[in-house]
Amino acid sequence: MDLYKVLGVNRSATKEEIKEAFRKLAVKYHPDKHSQSPKPLRDSATLRFKQVSEAYQVLSDDRKRAHYNLTSSSSSYNYSHQYSKASRGYAYASSPSYSYSYKNNIWNIAFRFFSTRAFLLNLAFAGVLFGGIVAFDTSREALWKKRNSGKYLSCLVLLHTLSSINQF
């Protein structure tokens, strides 16, 4: 099922166009509007309303839309529906299930992993943390040498003197 065809919009439609198409079709096929219609017409309208709601749910969300656009030509995109009359109006829920049919090679998988936002944020955090540790360690060494420049040499002379005294 092509979700763009369900809403009657093209693939380059804006969010506003998708929203407008959904509202028109939702009003047209809403189950409350067809409650007094014959059963075949009511069932057909209910099914069409589910399809329109599903299409809007996917195409109105940028992430879901991008994923649908990416996978719609090379995989199947199926939904399982739950549709029931609640105490106040109708309730609708769907849970997507994706199945891929293209090959995942190691480079494609690695690129996907290393280009995720979470990985890049963690990498940036680790870089800042490592840079801070290196800067702190370097400044600690420099500060110790600055404050104790003569003490180290005098300690060596004192130890040498004491060791030579103990030899007698």
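The legends below describe an overview and several close-up views of a predicted model.

**Figure 1. Overall fold of the protein chain in the predicted model.** The protein chain contains 7 helices and 2 strands. In sequence order these elements run α-α-α-α-β-β-α-α-α. The chain has 168 residues, and 20% of them count as buried. Its accessible surface is about 12900 Å², with carbon and sulfur atoms making up 62% of that area. Among contacts in the chain with a separation of 6 or more, 49% are between residues 24 or more positions apart.

**Figure 2. Salt bridge between Asp 62 and Lys 15.** The count for the model is 4 salt bridges, and this view shows the one in which the side chains of Asp 62 and Lys 15 meet, at 3.5 Å from N to O. Asp 62 belongs to helix α4, which spans residues 62-71, and Lys 15 belongs to helix α2, which spans residues 15-29; the pair therefore ties together parts that are 47 residues apart in sequence. Lys 15 has a relative accessibility of 41% and counts as partly exposed, because the partly exposed class lies between the buried limit of under 20% and the exposed limit of over 50%.

**Figure 3. Salt bridge between Glu 20 and Lys 24 in helix α2.** The closest N and O atoms of Glu 20 and Lys 24 are 3.5 Å apart. Both residues lie in helix α2, with a spacing of 4 residues, or about one turn of the helix. The two partners fall into separate accessibility classes: Glu 20 is partly exposed, at 47% relative accessible area, whereas Lys 24 is exposed, at 56%. Lys 24 is in the exposed class because its value of 56% is over the 50% limit.

**Figure 4. Salt bridge between Asp 137 and Arg 140 in helix α6.** The side chains of Asp 137 and Arg 140 meet at 2.7 Å, taken from N to O. Helix α6 covers residues 117-147, and the two residues are 3 positions apart within this helix, so about one helical turn separates them. Asp 137 is partly exposed, with a relative accessibility of 37%. Arg 140 is also partly exposed, with a relative accessible area of 44%. Side chains of opposite charge can pair when their charged atoms come close.

Key. Residues numbered from 1 in each chain as written. Predicted model: local features only at pLDDT ≥ 70, side-chain atom pairs only at ≥ 80, totals over all residues. Heavy atoms only, no water. Buried < 20%, exposed > 50% of the residue type's maximum accessible area, 1.4 Å probe, protein only. Contact = heavy atoms within 4.5 Å. Areas by Shrake-Rupley, 256 points an atom, 1.4 Å probe, with all protein chains shown as cover.
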